[in-house]
Amino acid sequence: MEDFVNIESVVVGEGRLSLEVVLAPGIPHTTDARMAKMACCRCSALPIHTCINKAGPTFGSVIDRTSLPHLLEHLIIDAQVHNSRTKPSQRFVGTTNWVDEGAGRAHIEVNFYDDLIALRAVKDAVAVLNDILSEYGTIRGGRQ
Ligand SMILES: [Zn+2]
């Protein structure tokens with residue numbers, strides 16, 4: 001599978017991961033309704049994630065018009081939530097900011113309780129997002 005999204009660096013801090021993300025040239029930098037639907041098909045809890053944004057209290061308020069790295073942040077959180085060793089009482093939060101939007105570079109921070117679960121979640125989330133982007137391009141009939 002082609003890598004549309006790459007993690008350039010990971011810093012494991014005290015209960016917090018810092019990631020530098022780079023989007024491949026030519027791919028969308030923001031989500032749309034179709035991409036949001038693909039993401040929700042794979043991770044049905046995404047719309048009810050708590051999310052600090054200007055539109056509402058959940059990620060569902062912005063999922064169809066947010067940055068791709070912000071979608072990745074929530075996929076990482078979702079993967080941590082669904083790890084069998086994560087406790088129901090554990091809460092996950094994150095932030096995403098463009099470092100250079102034109103170049104497709106962003107900075108993501110997410111908290112964790114277990115560093116290995118968090119790193120696994122990053123790998124799984126990147127795979128899910130690459131899968132979404134692969135399908136997104138195929139349906140559009142464009143990018144291979
Ligand atoms: Zn969010």
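A salt bridge here is a side-chain nitrogen of Lys or Arg within 4 Å of a carboxyl oxygen of Asp or Glu. Arg42, Asp131 and Glu135 are linked in a network of such bridges. The model is predicted. It holds a zinc ion coordinated by Cys51, His70 and His74, and a nonpolar surface patch formed by Val10, Val12, Leu116 and Leu119.

**Zinc site**

- Three side-chain atoms coordinate the zinc ion: SG of Cys51, NE2 of His70 and NE2 of His74. The distances run from 2.0 to 2.3 Å.
- Along the chain, the donors of the zinc ion are spaced as C-x18-H-x3-H.
- Cysteine 51 sits in the loop between α1 (33-42) and α2 (68-81), and histidine 74 in helix α2, so this pair ties together parts that are 23 residues apart in sequence.
- Cysteine 51 and histidine 74 are both buried.

**Salt bridges**

- The count comes to seven salt bridges.
- Arginine 105 pairs with glutamate 8, and their closest N and O atoms are 2.3 Å apart. Arginine 105 belongs to strand β4 (residues 105-111) and glutamate 8 to strand β1, so the bridge ties together parts that are 97 residues apart in sequence.
- Arginine 105 is partly exposed, at a relative accessible area of 31%. Glutamate 8 is also partly exposed, at 49% relative accessibility.
- Aspartate 114 and arginine 85 form a salt bridge with an N to O distance of 3.4 Å. Aspartate 114 lies in the loop between β4 and α3, and arginine 85 in the loop between α2 and β3 (94-100), so the pair ties together parts that are 29 residues apart in sequence.
- Aspartate 114 is partly exposed, at 24% relative accessibility, whereas arginine 85 is exposed, at a relative accessible area of 54%.
- Arginine 65 and aspartate 64 meet in a salt bridge at 3.3 Å, N to O. Arginine 65 counts as exposed because its relative accessibility is 53%, over the 50% cut-off. Aspartate 64 is partly exposed, with a relative accessible area of 33%.

**A buried charge**

- Aspartate 78 lies in helix α2. It is buried yet has no salt bridge.
- The nearest side chain of opposite charge belongs to arginine 42, 11 Å away. Arginine 42 itself takes part in the network with Asp131 and Glu135.
- Leaving aside residues up to four places away in sequence, aspartate 78 touches Cys43, Ala45, Leu46 and His49.

**Nonpolar surface patch**

- Val10, Val12, Leu116 and Leu119 form this patch on the surface. Together they have about 310 Å² of accessible area.
- β1 (5-12) and α3 (115-140) are the elements that give two or more residues to the nonpolar patch.
- Valine 10, one of the patch residues, is placed in strand β1. Valine 10 counts as partly exposed because its relative accessibility is 37%, which falls between the 20% and 50% cut-offs.

**An exposed loop residue**

- Glutamate 14 lies in the loop between β1 and β2 (16-23). Glutamate 14 counts as exposed, with 82% relative accessibility.
- Glutamate 14 and aspartate 115 are 101 residues apart along the chain. Their C-alpha atoms are separated by 9.4 Å.

Note on methods:
Residues numbered from 1 in each chain as written. Predicted model: local features only at pLDDT ≥ 70, side-chain atom pairs only at ≥ 80, totals over all residues. Heavy atoms only, no water. Donors = N, O, S within 2.8 Å, 3.2 Å for Na, K, Ca; no water. Helix = DSSP H or I, 4+ residues; strand = E, 2+ residues; numbered from the N terminus. Buried < 20%, exposed > 50% of the residue type's maximum accessible area, 1.4 Å probe, protein only. Patch = residues over 30% accessible without salt bridge, like charges linked within 9 Å, V, L, I, M, F, W, Y side chains within 5 Å. Areas by Shrake-Rupley, 256 points an atom, 1.4 Å probe, with all protein chains shown as cover. Lys, Arg positive; Asp, Glu negative; His and termini not counted. Contact = heavy atoms within 4.5 Å.
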